[in-house]
Amino acid sequence: MHAPHPPLVAILRGLDIASAEDVGQALFDAGFRILEVPLNRPGALECIRLLSAMAPADALVGAGTVLRTADVDAVKAAGGKLIVSPNCNPEVIRHSAASGLYSAPGIATPSEAFAALDAGAHALKIFPAEQVGTAGLKALLSVLPSGTPIWPVGGITPESMAAWVKVGATGFGIGGQLYAPGTPADQVRTRAAGFVAAWQACQPG
């Protein structure tokens, strides 16, 4: 199972139902194809339901902060296809993969990374990215299977992306630099376009 391109995850923490469709459309218009609504805020499942219903065919919409297998079932019932966690819980990863959902758990060490891959993770979320750093990611990638999708999350800006890509990052999760509760949809669209342009500038050719 492969993630859509560009492999940039919009982390919509605190998204409210009233603005979900406008924010989602702004992101899709700007080129984002992966949207994550963290479950640790009210209304998250309804937002996932709304975004999933309006998403382009090539998009991946789902949940973040998924900590239990019951959460996986709730996200799938809402139409979500993406399961992102801040931690490495093999039970959640296995259940996500078995349910046909895209699993991107959080890892910060080689032990967590291999445990996640053994459980069936499709991508690894480096979290918190500031703690691991580019040097840490480079070392981690030296032992991981070639081609493992790696997404740093935490403090990512358009300006910081090139350094991460240089050491092997294959995507990013982008939160507060892209969206915070109350951010107007037009501003989200402008910020998103900046991230997409920065991603494209990092790519060879």
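These legends accompany close-up views of a predicted model.

**View 1. Helix H1 beside helix H8.** Welcome to the pairing of H1, residues 17–30, with H8, residues 185–202. Their axes come within 8 Å and cross at roughly 30°. Angles under 35 degrees count as roughly parallel, and H1 and H8 are therefore roughly parallel to each other. The crossing in which H1 passes H8 is right-handed. On the H1 side, look for Asp22, Val23, Ala26, Leu27, Asp29 and Ala30, which meet Ala185, Val188, Arg189, Ala192, Ala193 and Val196 of H8. By residue class, this contact holds 9 nonpolar, no polar and 3 charged residues.

**View 2. Helix H1 beside helix H2.** Here H1 is shown with H2, which spans residues 44–54. The two axes come within 9 Å, crossing at roughly 40°, and H1 and H2 are therefore oblique to each other. H1 passes H2 in a right-handed crossing. From H1, the residues Ile17, Ala20, Glu21, Gly24, Gln25 and Phe28 take part, and they meet Glu46, Cys47, Leu50, Leu51 and Met54 in H2. The residues of this contact comprise 7 nonpolar, 2 polar and 2 charged.

View 3. In soluble globular proteins, nonpolar side chains tend to be buried together. The largest nonpolar core of this model has 57 residues. Leu12, Leu15, Leu27, Phe32, Leu35, Met161 and Phe172 are the ones with the most contacts inside this core. H8 gives the largest share of the core, 7 residues. Leu27 is a handy place to start exploring: beyond its neighbours within four places in sequence, Leu27 is in contact with Ala10, Leu12, Phe32, Leu35, Leu178, Val188 and Ala192. Another core, of 12 residues, lies apart from the largest one and includes Ile11, Leu60, Ala104 and Trp151.

**View 4. Two cis peptide bonds, each leading into a proline.** Most residues other than glycine have a negative phi, and most peptide bonds are trans. His5 and Pro6 are joined by a cis peptide bond with omega of about -5°. Pro6 sits in the segment before strand S1, residues 8–11. The bond from Phe127 to Pro128 is also cis, with omega near -5°. To find Pro128, look in the loop between strand S7 (124–126) and helix H6 (129–141).

**View 5. Thr65 and its positive phi.** Thr65 is not a glycine, yet its phi is positive, at about 55°. This threonine belongs to the loop that runs between strand S3 (60–64) and helix H3 (69–77). Thr65 counts as buried, with 17% relative accessibility.

**View 6. Thr157 in its loop.** Follow the chain from strand S8 (150–152) towards helix H7 (161–167), and Thr157 is found in the loop between them. Thr157 has a relative accessibility of 18%; buried means under 20%, so Thr157 counts as buried. Leaving out residues up to four places away in sequence, Thr157 touches Gln177 and Phe195.

**View 7. Ser111 on helix H5.** Ser111 has its place in H5, which covers residues 110–119. With a relative accessible area of 58%, Ser111 is exposed. Cys88 is shown with Ser111: the two are 23 residues apart along the chain, and their C-alpha atoms are separated by 9.8 Å.

Definitions and conventions
Residues are numbered from 1 along each chain as its sequence is written. This is a predicted model: local features need pLDDT of at least 70, side-chain atom pairs count only at pLDDT 80 or more; totals for chains, interfaces and linings use all residues. Side-chain values use heavy atoms; hydrogens and water are left out. Axes are lines fitted to C-alpha atoms, for helices over the stretch in contact, and angles run from 0 to 180 degrees between N-to-C directions. Helices (H or I, at least four residues) and strands (E, at least two) are DSSP runs, numbered from the N terminus. Angles under 35 degrees count as roughly parallel, over 145 as roughly antiparallel, 65 to 115 as roughly perpendicular and the rest as oblique. A crossing is left-handed if the near helix is turned anticlockwise from the far one by less than a right angle, and right-handed if clockwise. Contact means heavy atoms within 4.5 Å. Ala, Val, Leu, Ile, Met, Phe, Trp, Tyr, Cys and Pro count as nonpolar, Asp, Glu, Lys and Arg as charged, and the others, Gly among them, as polar. A nonpolar core is a set of buried Ala, Val, Leu, Ile, Met, Phe, Trp, Tyr and Cys residues joined through side-chain atoms within 4.5 Å. Buried means under 20% relative accessible area, exposed over 50%, partly exposed in between (1.4 Å probe, protein chains only).
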